[in-house]
Amino acid sequence: MFDGPLSAVGGPSRSPGGAGALLGPPGAPQSQHWLRQREEAVLAEMINMAVPLDARGNPVSEPYSTAAANAAEPVVTTWRLLIFDDWGRDIIAPLLKVGQLRELGVTLYLHIATERDPVPGAPAIYFCAPTEENIARIADDCAHSLYEWVYLNFTTQIPRPQLESLSQKLCSSPLQSIRHIRVFDRTLSYVALENDLFSLMLNNSFVVLNKTNAKDEEIEEHLNQVVLGISHVCLSMQVLPILVHSRSGAATEVARRLSLRLNDALNDKQLTPAPSSVLGRPLLLLVDRSSDIATALHHPFTYRGLLVELGGMRLNKCAITTSDGKDEVLEVDPDKDEVYVENAGLDFGAVGGNIEAALRRYKEEYAALAQETPGGIGDDGGDGNDMSKLLANAPGLAERKRCLDAHTKLAFNILNKIRARHLDHYHGVELAVLQQEGFDAEEFHSLLSNGMGTPEDLQRLFLIAYLMCTEGDDAQVVQEHESAFGDAAAFPALAYLKHLRNWSLTTQSPSASQPNASQGFGWGFAQQLAKNIASSLGTKSETMLPLTKLVDALMQDGPGGAGGSGSPVPYGSPVGGGGVGALPAGSSGGGSSSVLRAKLLETVEAYDPRTKKPVDLREAVFSQAIVFALGGGSVAEYDNLKAWEARKQRKSVMYGCTSVVSGEDMLRQLAVLGATQKS
């Protein structure tokens with residue numbers, strides 16, 4: 001009755017696209033990723049395999065089904081229950097809508113913490129984290145025989161103690177009505193928000209990693225969760241990346257633990273990357289939010305960034321207040337919502353016109369279709385084919401209209417907030433500072449002195465200037481406006497950044513010990529990295545943010561190559577000697593760009609989990625990258641990376657983070673750290 005041998009527990013389900021494929025199948029756009037489809041396929045398989053079973057474990061066919069009566073093979077028509085915890089719900093929510101769940105046979109979905117009545121005759125699918133609380137609740141449900149067939153799907157591998165605890169509790173219960181219990185590990189400790197954007201939903205990560213009173217157990221648990229989530233992404237895509245990370249701080253520790261976990265997955269055959277991908281192996285760049293706090297505080301101006309910043313977008317759902325004062329939740333679908341796909345990365349100034357144009361096209365198509373149907377303009381009576389065409393196109397047109405209406409509401413709501421808070425002015429001043437294109441002291445003074453925007457807007461602008469304008473007249477202008485914010489109690493975020501700056505000035509000695517968690521995970525090194533990258537930015541950088549500039553340096557092809565055709569060979573590609581594509585020894589190019597690249601590469605180091613040896617980034621060539629931000633991800637960084645990818649041929653980048661944070665959320669976390677900071 002209790003099924004769950006090791007063969008049913010462990011490795012991830014195979015996903016569409018084949019092993020070792022970071023990019024899509026042949027013929028797909030080069031920059032297209034398939035992470036959402038992979039995770040959705042695992043969830044669909046999880047639901048579809050939950051069927052009634054007989055005493056021998058064979059599927060029970062529905063005797064009253066017409067399809068079953070006429071089919072040579074047994075046909076299973078199953079109604080299912082889906083039971084989840086908060087984590088399971090958050091994974092499913094962006095991927096499977098209510099209609100899709102119904103198509104999969106899920107007619108009832110409930111939270112595991114709620115009181116539930118018995119439902120005989122239907123399989124129950126549990127999808128939750130293997131916590132002690134969930135284990136106890138599952139055992140209690142089985143003891144009360146709520147369901148006949150129980151399928152336990154854990155988001156990650158259930159630890160041995162919890163598995164034994166579950167077995168003991170089940171064995172001590174009568175389980176009179178339970179026919180079968182099966183256990184599976186789904187390795188899905190991440191949320192695929194888009195095909196190339198994922199989150200581990202670990203909120204307040206920056207606080208956990210940087211607070212002075214953090215307990216070792218708390219940091220240990222957090223780092224393990226990060227490693228687990230990243231490894232599950234690698235397992236889903238079946239790739240073994242080259243690990244690239246900063247030389248100190250949390251990223252180094254995460255890289256060390258991740259290397260061990262990926263090696264274990266290789267040995268256990270959970271990870272079987274394709275050995276002959278012409279694209280080579282991807283690099284996985286681990287960066288710490290502390291290396292660039294300014295970008296996280298920045299007021300974005302892309303449509304996607306504004307949806308997060310002003311629409312509160314979480315799990316692809318936005319919350320707005322309508323003109324009549326009612327709250328409304330609007331959902332975007334990166335797979336089917338054409339308006340979102342076409343406009344997400346664009347500046348907001350172009351979005352309104354694009355939505356109007358899409359609305360005009362919809363009306364034209366609707367009118368043309370209406371004319372071809374009975375009763376339409378110019379119709380001579382029509383026939384059944386016309387009506388069939390209308391019925392066939394109606395669902396698609398209705399969905400397009402729903403998306404257009406939703407984005408019209410969102411754009412109007414965003415526009416009102418931009419006007420009320422003068423966010424376009426904030427964006428302009430901040431972006432110029434971040435890209436080292438100049439500091440508009442006059443506009444900076446105007447925004448702060450006139451109190452334009454919210455108090456949080458003013459604080460974010462000042463903190464960006466404080467972090468980036470550290471020398472000369474610009475620093476003097478920033479210092480002159482500091483008194484407007486009051487003392488440290490009134491501006492705790494600034495107090496925290498001051499503490500970190502003062503701390504870094506006293507720990508410059510090479511012999512100084514490595515910073516620990518309570519010292520902010522290497523603030524001094526982080527600021528050195530930020531300055532090295534920022535110094536390279538300018539009008540010729542094609543609006544690259546610091547992280548994009550580092551990725552660009554890591555993925556430059558460089559002169560020459562070992563491919564035999566004049567093109568550089570990606571790292572790990574079977575083309576070329578030893579399976580490693582590299583630049584000719586000693587060739588690092590010429591000019592200032594190669595010098596700049598060398599400086600940027602000095603801030604990071606690389607390690608190959610397969611060979612357990614360091615990788616020379618000056619020679620390695622990569623075509624694919626997975627960038628992961630510890631301590632919180634920024635939509636501005638993601639959008640900037642995708643803009644960079646669009647300009648590059650045969651380059652692909654995916655972005656992940658502990659959680660997607662808005663500028664206000666980053667400010668809140670800095671304030672929390674400042675309020676608890678001991679002077």
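User: Leaving aside its neighbours within four places in sequence, which residues is Ala 432 in contact with?

Analyst: This is a predicted model, so to speak of local features we need pLDDT of at least 70, while side-chain atom pairs count only at pLDDT 80 or more and totals for chains, interfaces and linings use all residues. Numbering runs from 1 along each chain as its sequence is written, and side-chain values use heavy atoms, with hydrogens and water left out. Ala 432 is found in helix H15 (residues 423–434); helices here are DSSP runs of H or I with at least four residues, strands are E runs of at least two, and both are numbered from the N terminus. Taking contact as heavy atoms within 4.5 Å, and skipping neighbours within four places, the partners of Ala 432 are Glu 437 and Gly 438.

User: Is Ala 432 buried or exposed?

Analyst: The cut-offs are under 20% relative accessible area for buried, over 50% for exposed, and partly exposed in between, using a 1.4 Å probe and protein chains only. Ala 432 has a relative accessible area of 19%, so it counts as buried.

User: How far apart in space are Ala 432 and Thr 543, C-alpha to C-alpha?

Analyst: Along the sequence they sit 111 residues apart. In space, their C-alpha to C-alpha distance is 9.4 Å.

User: What is the volume of the largest pocket?

Analyst: A pocket is an open set of points on a 1 Å grid over the protein atoms alone, where a 1.4 Å probe fits and protein lies on both sides within 12 Å along at least five of seven lines. Grid points are joined across faces, edges and corners, and the volume is the space filled by probe spheres set on the points. For the largest pocket that comes to about 1,000 Å³.

User: Which residues of its lining are the closest to the centre of the largest pocket?

Analyst: Lining residues have an atom within 4 Å of a point, and the largest pocket has 31 of them. The closest to its centre are Ala 129, Thr 156, Ser 189, Gln 225 and Leu 228.

User: Which element gives the most residues to that lining?

Analyst: Helix H3 (86–92), helix H8 (216–237) and helix H9 (250–267) are the elements giving two or more residues to the lining. With eight residues, the top contributor is H8.

User: What is the phi of Asn 316 near?

Analyst: Asn 316 sits in the loop between helix H11 (303–309) and strand E11 (317–321), and at 4% relative accessibility it counts as buried. Its phi is positive, in a residue other than glycine, and is near 65 degrees.

User: And where is Asn 204, another residue with a positive phi?

Analyst: Asn 204 has a phi near 60 degrees. It is partly exposed, with a relative accessible area of 31%. Its place is the loop between strand E8 (197–199) and helix H7 (205–210).
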